[in-house]
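Subject: Structure handover

Hi,

Here is the structure I promised to pass on to you.

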Amino acid sequence: MSSLLLEASNFLAATPAPAGGGVPQPVSGAPGELTGKVNTVLGIVAWAGTAAGVLGVLVTGAMMAVSLKRGESSEHMSRLGMVLGGCVLVATAGPLVSFVFA
């Protein structure tokens, strides 16, 4: 295993650097009309994801209130954790993709 790692590091060290000396930055070749339409669709999907997250928090809260009134115990905190995790994922998806691809 270590000989394989050594060989890989020797190969990477022998690979010539790009012309600019750094990491190559590709230029977007997508037409303006396409990027506008894609941004519109992504905006609608982001809005729908946010609305679904708010609805999920409201439904989980209502279920917690009903089960408290009945005297039942259930695993609502795990459901709430999953809903909030989804909300964080939806909220950070756009900035993460912009950071990676911009």
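T60 counts as buried, because its relative accessibility is 6% and the cut-off for buried is under 20%. In this predicted model, T60 sits in helix 2. Leaving aside residues up to four places away in sequence, T60 is in touch with H76, R79, L80 and V83.

Another residue to look at in helix 2 is S67, and helix 2 itself covers residues 32-70. S67 has a relative accessibility of 8%, so S67 counts as buried too, given the cut-off of under 20%. Its side chain reaches the backbone oxygen of M64 at 3.2 Å. With residues up to four places away in sequence left out, S67 touches E72 and H76.

What does the side chain of T40 reach? It reaches the backbone oxygen of G36, at 2.9 Å. T40 is a helix 2 residue as well, but T40 is partly exposed, with 48% relative accessibility. That value lies between the cut-offs of 20% and 50%, which means partly exposed rather than buried or exposed.

Now for helix 3, which runs over residues 76-101. G86 lies in this helix and is partly exposed, at 31% relative accessibility. If you want a distance to check, the C-alpha atoms of G86 and G53 are separated by 7.0 Å, although the two residues are 33 apart along the chain.

Further along helix 3 you will find F99. Is F99 buried or exposed? F99 is exposed, because its relative accessible area is 69% and exposed means over 50%. F99 also belongs to a nonpolar patch on the surface, together with V97, V100 and F101. The accessible area of these four residues comes to about 510 Å² together.

Stepping back to the whole chain, the secondary structure comes to 3 helices and 0 strands, so the pattern along the sequence reads α-α-α. The protein chain has 102 residues, and 7% of them count as buried; T60 and S67 are among the buried ones. The accessible surface of the chain is about 8,500 Å², and carbon and sulfur atoms account for 73% of that surface.

The mean pLDDT of the chain is 81, and 87% of the residues reach 70 or more. Among the elements, helix 2 has the highest mean pLDDT, at 87, while helix 1, residues 2-14, has the lowest, at 76. T40, T60 and S67 are therefore in the element with the highest mean pLDDT.

Happy to hear what you make of it.

Best wishes

Definitions and conventions: Residues are numbered from 1 along each chain as its sequence is written. This is a predicted model: local features need pLDDT of at least 70, side-chain atom pairs count only at pLDDT 80 or more; totals for chains, interfaces and linings use all residues. Side-chain values use heavy atoms; hydrogens and water are left out. Helices (H or I, at least four residues) and strands (E, at least two) are DSSP runs, numbered from the N terminus. Buried means under 20% relative accessible area, exposed over 50%, partly exposed in between (1.4 Å probe, protein chains only). Accessible areas come from the Shrake-Rupley method with a 1.4 Å probe; for residues, only the protein chains shown count as cover. Patches are made of residues with over 30% relative accessible area and no salt bridge: like charges are joined within 9 Å, nonpolar side chains (Val, Leu, Ile, Met, Phe, Trp, Tyr) within 5 Å. A salt bridge is a side-chain nitrogen of Lys or Arg within 4 Å of a carboxyl oxygen of Asp or Glu. A polar contact is a pair of N or O atoms within 3.5 Å; within protein, one must be able to donate a hydrogen and the other to accept it, and residues adjacent in sequence count only if both atoms are side-chain atoms. Contact means heavy atoms within 4.5 Å. pLDDT is the predictor's confidence in each residue, from 0 to 100.
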